Amino acid sequence: MTPPRPLLILDSGVGGLSVLRPIRALIPNAPIIYVADSAGYPYGTKTEAEIAARVPALLGRLAERFDPELIVIACNTASTIALAPVRAALDLPIVGTVPAIKPAAERSRSRVIGVLGTEATVRQPYVDRLSAEFAADCTVLRHGSAELVDLAEGKLRGETQDLEGYRRSLDGLLSQPGGDRIDTIVLACTHFPLVDEELAAASPRPLAFVDGKEGIARRTAWLTRETAWPEEPGAGLAFFTGWDPRLEAYREGLRRYGLTLVEGSGRRA
């Protein structure tokens, strides 16, 4: 019998785990290949040219190596910049990740929403288009935080943290003109739902945090609805593309998401 082809999930780090969990809930028996492109981490501080060159080439190599059923680009930055060329280059379903501006606008009562993402994501014209299409009657404020990405990585490694970094990230939105009226914040980086409890604790007032992980999971399930998955839960393997002296610290956190860190991971993919 031909072994089932896996779902391949890519992010620059562990942010894609926030997408993996609802995918697992809908497709529990699908084998998973999770790739953290640690050699390119973090995507959010890279230029558009760097992302556009790196992500399609990396996914081409990964598709050849793992022959996936479907690829999830579990990263807003990579999706807003490189989704179209990846889809053009690969003959298989590609699911991207986009900021959840539409559901945020539907939820907001104050009509002022914040977009908290990476520096690269929040400056993309794609965010302009989403805002114009789905939040035309809202004020949309944006802030890019590389620190919050690092905090999410540190949390998965089990590092002790205080809330000051989370307060700084939120303050980048809330201190802007009109920021005092924000009632809903789009978590426009897949790392950020991993620290939503910390963000809520650090917030000076009640805020709604919205992200797109459930929609990504539903899209993935729909596109693979005719796939004959195994009768038992599929294996989950995690690969890192670059060496990091802290790599072993990720093992326990990955295990909680049903992933086994592959020995020798951290070498070039």
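Leaving aside its neighbours within four places in sequence, Thr224 is in contact (heavy atoms within 4.5 Å) with Leu7, Ile27, Glu69, Leu70 and Trp229. This residue belongs to the loop between helix 10 and strand 9 (236-240), where helices (H or I, at least four residues) and strands (E, at least two) are DSSP runs, numbered from the N terminus. With a relative accessible area of 4%, Thr224 is buried, a word that stands for under 20% relative accessible area, while exposed stands for over 50% and partly exposed for what lies in between (1.4 Å probe, protein chains only). The side chain of Thr224 also reaches the backbone oxygen of Thr220, at 2.8 Å.

The model is predicted, so local features need pLDDT of at least 70 and side-chain atom pairs count only at pLDDT 80 or more, whereas totals for chains, interfaces and linings use all residues. Residues are numbered from 1 along each chain as its sequence is written, and side-chain values use heavy atoms, with hydrogens and water left out.

The loop between helix 10 and strand 9 also holds Glu232, and Glu232 is exposed, with a relative accessible area of 57%. Although Glu232 and Ala30 are 202 residues apart in sequence, their C-alpha atoms are 8.8 Å apart in space.

Ser145 sits in another loop, between strand 6 (139-144) and helix 7, and counts as buried at 5% relative accessibility. The side chains of Ser145 and Ser169 are joined by a polar contact of 2.8 Å; such a contact is a pair of N or O atoms within 3.5 Å, where, within protein, one must be able to donate a hydrogen and the other to accept it, and residues adjacent in sequence count only if both atoms are side-chain atoms. A polar atom of the side chain of Ser145 also lies 3.1 Å from the backbone nitrogen of Leu148. Not counting residues up to four places away in sequence, Ser145 touches Leu116, Gly117, Thr118, Glu119, Ser169 and Phe192.

The largest pocket has a volume of about 420 Å³, and of the 22 residues that line it, the closest to its centre are Gly96, Val98, Gly212, Gly215 and Ile216. On a 1 Å grid over the protein atoms alone, a pocket is an open set of points where a 1.4 Å probe fits, with protein on both sides within 12 Å along at least five of seven lines, and lining residues have an atom within 4 Å of a point. Grid points are joined across faces, edges and corners, and a volume is the space filled by probe spheres set on the points. Helix 10 gives the most to the lining of the largest pocket, with five residues. This lining divides into twelve nonpolar, four polar and six charged residues, where Ala, Val, Leu, Ile, Met, Phe, Trp, Tyr, Cys and Pro count as nonpolar, Asp, Glu, Lys and Arg as charged, and the others, Gly among them, as polar.

The second largest pocket has a volume of about 300 Å³ and is lined by 13 residues, of which Arg21, Lys155, Pro193, Leu194 and Tyr257 lie nearest its centre.

Cys189 is buried at 7% relative accessibility.
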